[in-house]
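Welcome, and please open your viewer. We will go from stop to stop, and at each one you will hear what to select and what is there.

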Amino acid sequence: MYEKNSSIDRRILKSQQALKKSLLSLMQQKALKEITIKDIVEGADLNRGTFYKHYQYKEDLLDDIMEDVIADLKYSFREPYKDKETFEIENLTVASIKIFEHVEKNKEFYSLMLKSNVLSGFQTRVCDVLNDLALQDLQALLPDSNVNRELQVTYHSYAILGMITEWIKDGFKYSSTYLAEQLLEILRYNKVDTVFKLSVNEENK
């Protein structure tokens with residue numbers, strides 16, 4: 001019974017992934033309002049019945065894609081301090097910076113973020129997610145009383161988004177590793193050496 005259910009789950013996941021890939025591909029060519037369910041299922045090599053088993057509207061499919069991207073963004077952001085009690089910026093390594101790998105893995109979606117009106121607000125959502133993660137997870141042990149922490153977090157979030165945006169505009173001409181190296185150099189140049197106490201819990205995940 002377990003193997004049968006697992007097989008069904010894999011088929012469902014495979015169908016959903018095919019539908020998502022088809023929609024993203026179509027959105028590179030035309031506006032969402034011009035895309036039909038028929039277009040999506042033909043691109044996924046599936047039938048309409050399969051689509052309606054999982055989604056009611058094409059907007060539901062796009063929402064599902066966005067939630068996947070956000071979930072992976074959160075995972076990537078938390079990678080450098082995963083399973084740690086404290087996190088020192090000066091000990092950050094290129095290998096532990098995963099956010100640019102995340103963008104590269106979802107490059108088709110992030111490219112749409114800049115050119116699709118439907119996703120015009122996603123850049124703000126990315127910054128909101130980064131802000132929330134930093135404020136929820138990281139508690140500076142040596143805070144500067146003259147610096148507003150929320151403004152500081154917002155500053156860094158928009159800086160990262162700026163790097164990502166320019167990377168996309170340049171057609172991803174740099175590798176994700178190069179972007180991580182540059183971010184690390186920028187942090188070192190600005191002498192960011194904050195030590196954070198981790199406060200990740202199940203409610204924040």
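How many helices and strands does the protein have? Colour the model by secondary structure to follow along: there are nine helices and three strands. Keep in mind that this is a predicted model. Tracing the chain along the sequence, you pass through the pattern α-α-α-α-β-α-α-α-β-α-α-β. The protein has 205 residues, and 39% of them count as buried. Among contacts with a separation of 6 or more, 71% are between residues 24 or more positions apart.

**Stop one: the core**

Select Leu23, Phe100, Phe109, Tyr110 and Phe122. In the largest nonpolar core, which has 55 residues, these five touch the most other members. Next, show the elements that give two or more residues to this core: helix 1 (2-27), helix 2 (37-44), helix 4 (58-78), helix 5 (99-105), helix 6 (107-115), helix 7 (122-137), helix 8 (149-169) and helix 9 (176-189). Which of them gives the largest share? That is helix 4, with eight residues. As a general background, nonpolar side chains tend to be buried together in soluble globular proteins.

**Stop two: Phe109 and its surroundings**

Now centre the view on Phe109. Is Phe109 buried or exposed? Its relative accessibility is 1%, so Phe109 counts as buried, the cut-off being under 20%. Show the side chains around it: beyond its neighbours within four places in sequence, Phe109 is in contact with Leu24, Ile65, Met66, Val69, Leu119 and Phe122.

**Stop three: aromatic pairs**

Stay here and display the aromatic rings. The structure holds nine aromatic pairs. In one of them, the ring centres of Phe109 and Phe122 are 4.8 Å apart and the planes stand at 80 degrees, so this pair is edge-to-face. Phe109 belongs to helix 6 and Phe122 to helix 7, and the pair links parts of the chain 13 residues apart. Phe122 is also buried, at 2% relative accessibility.

For another pair, select Trp167 and Phe172. Their ring centres are 5.0 Å apart with the planes at 65 degrees, so these two are edge-to-face as well. Trp167 is buried with a relative accessible area of 1%, and Phe172 is buried at 13%. Then select Phe51, Tyr52 and Tyr55, which form one aromatic cluster.

**Stop four: two crossing helices**

Show helix 6 and helix 8 together. How do their axes cross? The axes come within 10 Å and cross at roughly 95 degrees, so helix 6 is roughly perpendicular to helix 8. To see the contact itself, select Tyr110, Ser111, Met113 and Leu114 on helix 6. Their counterparts on helix 8 are Leu161, Thr165, Ile168 and Lys169.

**Stop five: a loop residue**

Finish at Gln28, in the loop between helix 1 and helix 2. With 26% relative accessibility, Gln28 counts as partly exposed. Which residues does Gln28 touch, leaving aside its neighbours within four places in sequence? They are Glu108, Ser111, Leu112 and Lys115.

Key
Residues numbered from 1 in each chain as written. Predicted model: local features only at pLDDT ≥ 70, side-chain atom pairs only at ≥ 80, totals over all residues. Heavy atoms only, no water. Core = buried A, V, L, I, M, F, W, Y, C linked by side-chain atoms within 4.5 Å. Buried < 20%, exposed > 50% of the residue type's maximum accessible area, 1.4 Å probe, protein only. Helix = DSSP H or I, 4+ residues; strand = E, 2+ residues; numbered from the N terminus. Contact = heavy atoms within 4.5 Å. Phe/Tyr/Trp six-rings, centres within 6.5 Å; stacked < 30°, edge-to-face > 60°. Axes fitted to C-alpha atoms, helices over the stretch in contact; angles between N-to-C directions. Parallel < 35°, antiparallel > 145°, perpendicular 65-115°, else oblique.
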